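The entries below follow the order in which I looked.

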Amino acid sequence: GVRALVAANVSMHQLFNYMDGVFKNQSQFYNKPTLKMSALQVIQAYAKLAHKASGVSAIKFAKALQNSFLDHNTRLSSKLAWERGVTGTPDFFINGIKVIGQSNWTVKQWKKVIDPLIKAKFPHMEL
């Protein structure tokens, strides 16, 4: 969905409204509500939600969702994330290593993790 919005050239405000809308309405797209829907019907319902949440054209959004290049890249990104242990958002990585952190950490808390890594690499650097 996010890649479809990027392809539709939306603003950050629209993107965040879209994500908020999807989060609030995700139960509409679980297995049971979509069980008897065709793939096209699911795409149309999803496009309608994207339009309602962000104002993006439902037609542009649906076309982007059906774009094979975007689909391929999304699947590759997901596979890469799964291989690295990403199970949700936010997940944090420093130099390719997963860090168990929190999205609400302060700069001071992040410095406790990052500064020792910098000091090990550049022992003479003053932090």
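Which hand, left or right, does the crossing of α4 and α5 have? I found that the crossing of α4 and α5 is right-handed, where right-handed means that the near helix is turned clockwise from the far one by less than a right angle, and left-handed anticlockwise. I note that this is a predicted model, in which local features need pLDDT of at least 70 and side-chain atom pairs count only at pLDDT 80 or more, while totals for chains, interfaces and linings use all residues. Residues are numbered from 1 along each chain as its sequence is written, and side-chain values use heavy atoms, with hydrogens and water left out.

Entry on α4 and α5. I took helices as DSSP runs (H or I, at least four residues), numbered from the N terminus. The axes of α4 and α5 come within 8 Å and cross at roughly 130 degrees, the axes being lines fitted to C-alpha atoms over the stretch in contact, with angles from 0 to 180 degrees between N-to-C directions. The two helices are therefore oblique to each other (under 35 degrees counts as roughly parallel, over 145 as roughly antiparallel, 65 to 115 as roughly perpendicular and the rest as oblique). I listed the contact (heavy atoms within 4.5 Å) as Ile43, Tyr46, Ala47, Lys48, Ala50 and His51 of α4 with Ala58, Phe61, Ala62 and Leu65 of α5.

Entry on α2 and α4. The axes of α2 (residues 12-24) and α4 (residues 39-54) come within 8 Å and cross at roughly 125 degrees, which makes α2 oblique to α4. I recorded this crossing as right-handed too, with Gln14, Asn17, Tyr18, Gly21 and Val22 of α2 meeting Tyr46, Leu49, Ala50, Ala53 and Ser54 of α4.

Entry on the pockets. I used a 1 Å grid over the protein atoms alone and a 1.4 Å probe, a pocket being an open set of points with protein on both sides within 12 Å along at least five of seven lines, and lining residues having an atom within 4 Å of a point. The largest pocket holds about 820 Å³ of space, and of its 25 lining residues, Gly1, Val2, Arg3, Thr74 and Ser78 are the closest to its centre. The elements that give two or more residues to this lining are α1 (2-7), α4, α5 (58-65) and α6 (68-83), and the largest share, eight residues, comes from α6.

For the second largest pocket I noted a volume of about 180 Å³ and a lining of Val2, Tyr18, Met19, Val22, Phe23, Gln26 and Tyr46, to which α2 gives the most, with four residues.

Conventions
Grid points are joined across faces, edges and corners, and a volume is the space filled by probe spheres set on the points.
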